[in-house]
Amino acid sequence: MMLEIHPTNAMCVYRCQMCIWCGGQKQTTSIADFYGAERLLTTDQWCGILEEVKGLGTHQIIFSGGGETLFSQAKVKPVLDKANSIGLETMIYTNGRTLYDADPALLDSILSSTWLRVSLHAATPEIYSRLINRPLGANDLGSVLDGIRKIVSLNKQRRGKLKVGIGIVLQELNYAEVAKIAKLCSDLEVDFLDVRVDCIGVTKKLSEYQYEQMLEGLRELRTSVEAGQSGFSASFADDLLIAMDQWKGMELTQPKRCLIPVVRPAIDPFGIVGACDSIGEPYTRSKSPREYVLGQMSNGCSFVDIMRSAAGKELGIRCKFCMPGQISLNALLEKLVDDFRIGIEPTSQPFCFDAS
Ligand code: SF4
Ligand code: SF4
């Protein structure tokens, strides 16, 4: 259904606390140096992969990870153009730091895409700087906001189809920023806000009081969005929704199998194919069992070959950094597969699941 790709040179200037690529400063060696820059996939190789997956029936390509997605502009642009030109939906995740000064040709490519999500974990400059581990004087937040304004304005001028949104990962430094971020979303006239928790444990550092304050802020946000007062839509991580609704007593199904590779595998900048986006990032991959690496694209081994050989593998849930959304999706997929085995078609399920 979806493929996440990292067509970058494995670089980023930020060092975010919740980064699954650098492990919040735990990865000190430059990733490109660590794996060998000569092993980075070329734009031609990336474009070839897109042709292959289009043939497999993939709908969406997610541009994310591998460091910062838009930092390697010369590499990402031709790949984005290729995906857009062959009719794939394109979703871009970025920290937004290079948007304002981006090459106009890259901005055109972004405006021809489907969806752009800028990670903006704080609306206060001091908090933003601390979260990304950069000096306040670098004016990173100001630049990111200017970049969002620019892309929203160009999209409007051209009556474009691009949906622009903001993502926030909640943690100790920004748990009280929810209302400010929501105001920014309205001021910037973005289309959506994604509220998430992290998978490397930074959200867990909140005290009970801070966690309750955060939930209160989220409930207010949700109420105003549902009342149509915000001008943007909002989505919340599954475990936040459960906590907001105080469903603590509910018994949750824990999936036993990982079926994510069928719907959203990931390819890192060096051609390593991970079962999911966590395995596509060096830090979280290095802490996960080896079996979740499905293969390495090199020596004539194509993405289709790797997916075919992975198709027969049964993967359990043994990764330390499985995200809440991945656990929920696995639970859903496991039920679909088990039901299918006893003769219930996905299209007969009591929720919208288009067979195409
Ligand atoms: S911007 Fe993204 S890749 Fe860069 S350090 Fe932050 S989370 Fe990691
Ligand atoms: S168990 Fe979770 S983290 Fe591991 S590959 Fe599956 S989805 Fe990814």
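**Helix packing, sheet order and ligand surroundings**

In the predicted model, helix 3 passes helix 4 in a left-handed crossing. Helix 3 spans residues 73-85, and the angle at which this helix packs against helix 4 is about 35°, with the two axes 10 Å apart. On the side of helix 3, the contact is made by Gln73, Lys77, Leu80 and Asp81, and on the side of helix 4 by Ala105, Leu106 and Ser109. Sorted by class, the residues of this contact comprise three nonpolar, two polar and two charged. Two packed helices are described in this way, by the angle between their axes and the distance between the axes.

Helix 4 (residues 104-111) also packs with helix 6 (residues 140-157); their axes come within 11 Å and cross at roughly 65°. The crossing of helix 4 with helix 6 is right-handed, whereas that of helix 3 with helix 4 is left-handed. Leu107, Ile110 and Leu111 are the residues of helix 4 that meet helix 6, where their counterparts are Ile151, Leu154 and Asn155. This contact of helix 4 with helix 6 consists of five nonpolar residues and one polar residue, with no charged residue.

The strands were examined next. Strands of a sheet pair through backbone hydrogen bonds, either parallel or antiparallel. In this model, 10 strands form an open sheet with mixed pairing, and their order is 7-6-5-4-3-2-1-8-9-10. In one of the pairings, Ala266 has Gly274 of strand 9 as its bridge partner.

The shell around ligand 1 is formed by Cys12, Tyr14, Arg15, Cys16, Cys19, Trp21, Cys22, Gly67, Glu68 and Asn95. By class, six of these residues are nonpolar, two are polar and two are charged. Around ligand 2 lie Cys258, Ile260, Ala275, Cys276, Ser278, Ile279, Tyr292, Ile317, Cys319, Phe321, Cys322 and Gln326. The shell of ligand 2 contains 10 nonpolar and two polar residues but no charged residue, whereas the shell of ligand 1 includes two charged residues.

Terms used:
Residues numbered from 1 in each chain as written. Chains lettered and ligands numbered in written order. Predicted model: local features only at pLDDT ≥ 70, side-chain atom pairs only at ≥ 80, totals over all residues. Near = placed C-beta within 6 Å. Nonpolar A, V, L, I, M, F, W, Y, C, P; charged D, E, K, R; others polar. Pairing = 2+ DSSP bridges. Helix = DSSP H or I, 4+ residues; strand = E, 2+ residues; numbered from the N terminus. Axes fitted to C-alpha atoms, helices over the stretch in contact; angles between N-to-C directions. Left-handed = near helix turned anticlockwise from the far one by under 90°. Contact = placed C-beta atoms within 7 Å.
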